Amino acid sequence: MSTPALPCFSEDLVALRVTGEDARDFLHGQFCGDVRALDVGQALLTAWLSPKGRALYLVQVLRADDAFWLLLPAAQAAAFTKRLRMFVLRARVKIEDGTVEATQALAATLGLPVRPADEAALHLVRAGLPT
């Protein structure tokens, strides 16, 4: 189930930008959520599973006009990005490294505040979104 975009960003999140003509189908094949159903401006909390069905990462996928943004904790971003790139193979997809600056720029573009992690979690609870 997709939801409207997040009410705010946590300062400990990093946004990875995924572009390319195969981005939607590639991401749909990687995550357990229905990425194909996302409309522009919608977000989806989903998981990246191991072949045994164990959750490796929880990821917030945000659909923008020209790209998909993957939001995840900064501490996991490097390992996640490295592993995700292993599965690109022939797909026409570009995965850009997430930086704090890119995350802040995305938040500013969407008109969302960047808040400390505990305050952001409180906003998600108030909005009825999972934390």
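The accessible surface of the protein chain amounts to about 7,400 Å², and carbon and sulfur atoms account for 53% of that area. The model is a predicted one, and buried residues make up 40% of the 131 residues in the chain.

**Overall architecture**
- The protein chain contains four helices and eight strands, which follow one another along the sequence in the pattern β-β-β-α-β-β-β-α-β-α-β-α.
- Of the contacts between residues at least 6 apart in sequence, 64% join residues that are at least 24 apart.

**Nonpolar cores**
- The largest nonpolar core comprises 23 residues, and those with the most contacts inside it are V18, L27, F31, V35, V61, L70 and F80.
- Two or more residues of this core come from each of β3 (13-19), α1 (23-30), β4 (42-49), β5 (55-63), β6 (68-73) and α2 (74-85).
- A second, separate core consists of nine residues, among them A43, L62, A64 and W69.
- Once its neighbours within four places in sequence are set aside, V35 is in contact with R24, L27, H28, L44, V61 and F68.

**The buried face of α1**
- In α1 the buried residues are A23, F26, L27 and Q30.
- Viewed down the axis of α1, these buried residues fall within an arc of 95°, and they therefore line one face of the helix.
- An α-helix has 3.6 residues a turn, so residues three or four places apart point the same way.

**A backbone exception at L89**
- L89, which lies in the loop between α2 and β7 (94-99), has a positive phi of about 50° although it is not a glycine.
- Most residues other than glycine have a negative phi.
- L89 counts as exposed because its relative accessibility is 75%, where the cut-off for exposed is over 50%.

Note on methods
Residues numbered from 1 in each chain as written. Predicted model: local features only at pLDDT ≥ 70, side-chain atom pairs only at ≥ 80, totals over all residues. Heavy atoms only, no water. Core = buried A, V, L, I, M, F, W, Y, C linked by side-chain atoms within 4.5 Å. Buried < 20%, exposed > 50% of the residue type's maximum accessible area, 1.4 Å probe, protein only. Contact = heavy atoms within 4.5 Å. Arc of directions from axis to C-beta. Areas by Shrake-Rupley, 256 points an atom, 1.4 Å probe, with all protein chains shown as cover.
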